[in-house]
Amino acid sequence: MGEEQTVQTDAEVAQSTRISDIYAAAKRLEGIVRKTPLIYSEFFSDISDNDTYLKLENLQTTGAFKLRGAYNRISMLTEEEKARGVITASAGNHAQGVAYASQKLGVNAVICMPATTPILKVEATRALGATVILHGNGFDDAYAHSLKLQKEKGYVYIHPFNDRDVIVGQGTIALEVIDALKDVDVILVPIGGGGLVSGIALGAKLVNPQVKVIGVEPENAACMKAALSCGRTITLPSADTVADGCAVRTAGKLTLEFCRLHLDEIITVSEMEIMSALLSLIEKHKLIAEGAGVLSLAALGKLRMKNKKVAVLVSGGNIDISTISALISKALISRGRVFRFSVQLPDKPGQLLTVAQILTEQDANVIRLDHDQTMVTDSFQKVQLTVTVEAHGQEHIDCIVAALASNGFEINKIY
């Protein structure tokens with residue numbers, strides 16, 4: 001009888017992974033991935049009371065960190081495995097990483113993506129030579145379909161996060177951060193399924209155990225926090241978030257073990273906090289990121305330490321124009337920068353001019369105005385005026401409302 005092959009448990013894999021594995025991955029990635037900038041942010045430092053630095057993986061080849069893990073994994077396949085081709089499921093960034101790596105290494109790639117994936121990510125993946133199959137309403141649906149195809153066709157599976165070699169590839173970011181900022185105290189990392197935070201926590205702790213690694217999840221998709229609380233992976237009922245790259249309902253079993261060993265804390269952030277962070281990054285640094293990419297920025301105001309050196313991972317920048325426009329609009333509304341209201345006016349000359357004069361006196365810039373008599377069904381003597389203005393915040397909006405009220409105009413706030 002031949003020797004039985006020993007299969008390691010997830011806990012054993014996590015415990016046996018060494019810093020040498022990450023250095024080996026960094027060697028494989030030379031000439032493939034960019035060593036992305038780590039820049040100081042005066043704005044984000046001020047709002048967090050910490051020296052804050054941004055690790056810009058949104059400037060990575062393919063627009064996100066995922067290339068690191070995908071290339072590391074595929075480059076380690078045997079020739080027989082490469083000949084079979086690879087398959088994966090992804091909300092977008094891992095898809096592009098697998099497609100790019102496969103193209104570079106001469107491997108056929110099949111990518112299952114949710115039907116809801118932004119078209120920018122779908123087209124970018126196809127442009128890299130991969131076969132794209134759209135299936136289901138979220139990652140979990142696409143993942144289940146990819147497993148079915150893998151069994152039918154014999155492809156090699158490249159998991160987006162629950163894979164040791166993928167995790168090790170993502171961990172090369174930690175080496176770059178510590179090399180650029182040797183006295184870093186804290187690294188903030190987004191969490192989807194957990195591959196990125198597992199790799200960075202592993203790398204950071206093995207180089208310097210004093211570095212604190214904090215994961216960040218959307219409140220609506222906090223699968224890793226739930227798993228750590230329960231001591232096992234659980235499936236959330238939903239994962240509805242603007243951070244579509246982190247819309248994962250079930251954390252990885254392997255990533256859970258890495259997080260148990262190396263992750264210090266998880267912070268959750270709201271949808272409005274994510275959108276506000278995106279707007280701040282655009283306004284203050286002229287940089288574009290996706291919802292998942294700014295999760296760590298959204299957590300800065302929730303840190304429980306001061307005067308530390310904090311590295312924040314901006315993990316990806318693949319976002320289409322229509323999505324970014326919608327997110328910016330919602331962020332402006334949440335900050336009180338855009339205010340829309342309706343008011344019924346007597347249908348007689350001069351009323352519109354009076355409202356306009358009040359708004360001018362309050363320094364409210366009108367950006368849209370609709371004057372409609374048909375909207376008022378209970379009186380032929382009134383018209384409905386709907387106005388959208390630029391404001392300077394909630395206090396300014398309160399002043400506008402008070403000024404209108406003092407002149408006899410009772411408004412209905414729309415947003």
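Predicted model: local features only at pLDDT ≥ 70, side-chain atom pairs only at ≥ 80, totals over all residues.

User: Which elements give two or more residues to the lining of the second largest pocket?

Analyst: That pocket has 17 lining residues, and Ala26, Lys35, Thr172, Leu175 and Glu176 lie nearest its centre. Two elements give two or more residues to its lining: α2 (19–29) and α10 (172–180).

User: How many residues in the lining of the second largest pocket are charged?

Analyst: The pocket holds about 360 Å³ of space. Its lining includes eight nonpolar and three polar residues. The charged residues in this lining number six.

User: What is the volume of the largest pocket?

Analyst: The lining is made of 21 residues, with Thr116, Asn137, Ala239, Asp244 and Ala247 nearest the centre. By class, nine of the lining residues are nonpolar, six are polar and six are charged. The volume of this largest pocket is about 500 Å³.

User: Which element gives the largest share of the lining of the largest pocket?

Analyst: The elements that give two or more residues here are α8 (139–153) and α16 (321–334). The largest share is four residues, and the helix they come from is α16.

User: How far apart in space are Ser329 and Met275, C-alpha to C-alpha?

Analyst: Along the sequence, Ser329 and Met275 are 54 residues apart. In space, their C-alpha to C-alpha distance is 9.1 Å.

User: Across the chain, what share of contacts between residues at least 6 apart in sequence join residues at least 24 apart?

Analyst: Here we step back to the whole chain, which has 18 helices and 14 strands. Its C-alpha atoms fill a box of roughly 100 × 50 × 40 Å along the principal axes. Among contacts between residues at least 6 apart in sequence, the share joining residues at least 24 apart is 73%.

User: And what percentage of the residues in the chain are buried?

Analyst: The accessible surface of the chain is about 18,600 Å², and carbon and sulfur atoms account for 49% of that surface. Of the 415 residues in the chain, the buried ones make up 55%.

Notes: Residues numbered from 1 in each chain as written. Heavy atoms only, no water. 1 Å grid on protein atoms, 1.4 Å probe; cavity = no way out; pocket = protein on both sides within 12 Å on 5 of 7 lines; lining within 4 Å. Points joined across faces, edges and corners; volume = space filled by probe spheres on them. Nonpolar A, V, L, I, M, F, W, Y, C, P; charged D, E, K, R; others polar. Buried < 20%, exposed > 50% of the residue type's maximum accessible area, 1.4 Å probe, protein only. Contact = heavy atoms within 4.5 Å. Areas by Shrake-Rupley, 256 points an atom, 1.4 Å probe, with all protein chains shown as cover.
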